[in-house]
Structures are given as structure tokens and as C-alpha cells.
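Subject: Structure handover

Hi,

Here is the structure we talked about. My notes follow below it.

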Amino acid sequence: MPTVTFTNLKKKKIVVPEGANLRREAHKNGVSMHEGIHQVLNCHGNGMCGSCRVRIVSGEENLKRKKWWEKVLLLLNPMWLFARIGHEDEMTLACQTRVMGDCEVESTPPMNWSGEEFWV
């Protein structure tokens, strides 16, 4: 069974069934996928709010992502656009990701509002 390691949570590891939804399994194991007000106000895994974003540190080949939905969300939710700046290829939504093998992710990565990659 695949292991998901959360790098920003003191390397917390959870074991999930192959093909499991990343957001659902994280919640089952006590890992918060939302920060701030989004802990209460979120889309509950429907892929609309962009608040369950994760940054893939390693093992991207072991994750099945809905990349087409991420592109649709850019038009529907500008917050998702700003969250991805500088990390377009490694940022994904946990609710739209299936775990097929071992991987490392950073949950709730910070937004890059004023960093060096924002205005490039």
C-alpha cells in the first residue's frame, strides 16, 4: 500500500489504499488540508475552491491528477491562479488527486503574494 509523507508536518506518514483520494485519506488520518477560514468554508472535495492545494515534493509519477480540471479552475477561481504562481507544475488539488504509489507532498503551501516569482 502506498505511503504519503507530509513534509511540512514533521514528515508525518500515512498509509493509504492504492487509488485513494488524497484529500479524503488525509482527513481520515487527522491531516488538515485547509487553513484559516477554509477549514469551515470549503467545497468539501468538489474541486471548486482550491483550498485543499498541495505542493508535490516527490513522487509525481505516482499521483493521478485531473490536470484538465486545474485549468478550468484557473478561470473559475482566481485564488487558484495566485496559489500556483512559481509552482505551476508541482501544485495540485488534493481532492482531485488519486494516490497510486509513494509520494511526498506539502499540505497548505503558502501563497506567493510578494515573492520574487510573483511578478516574473
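Ser-58 is partly exposed, because its relative accessible area is 31% (buried is under 20%, exposed over 50%, partly exposed in between; 1.4 Å probe, protein chains only). Ser-58 sits in strand β4. Setting aside residues up to four places away in sequence, Ser-58 touches Cys-103 and Glu-104 (contact means heavy atoms within 4.5 Å). Ser-58 and Ser-32 are 26 residues apart in sequence and 20 Å apart in space, C-alpha to C-alpha.

A word on the source. This is a predicted model, where local features need pLDDT of at least 70 and side-chain atom pairs count only at pLDDT 80 or more, while totals for chains, interfaces and linings use all residues. Residues are numbered from 1 along each chain as its sequence is written, and side-chain values use heavy atoms, with hydrogens and water left out.

Now the fold. The protein has three helices and eight strands (DSSP runs numbered from the N terminus: helices are H or I, at least four residues; strands are E, at least two). Along the sequence the pattern reads β-β-β-α-β-β-α-α-β-β-β. The C-alpha atoms fill a box of roughly 40 × 25 × 25 Å along the principal axes. Of the 120 residues, 44% count as buried. Among contacts between residues at least 6 apart in sequence, 65% join residues at least 24 apart.

Next, the core. The largest nonpolar core has 24 residues (buried Ala, Val, Leu, Ile, Met, Phe, Trp, Tyr and Cys joined through side-chain atoms within 4.5 Å). Val-4, Phe-6, Leu-22, Met-33 and Leu-93 have the most contacts inside this core. Elements that give two or more residues to it include β1 (3–6), α1 (22–28) and β8 (103–107). Beyond its neighbours within four places in sequence, Phe-6 is in contact with Leu-22, Met-33 and Val-105, among others.

Last, Thr-108. This residue lies in the segment after β8. Thr-108 is buried, because its relative accessible area is 18%. Leaving aside neighbours within four places in sequence, Thr-108 contacts Asn-8, Ser-32, Met-33, His-34, Glu-35 and Arg-53.

Best wishes
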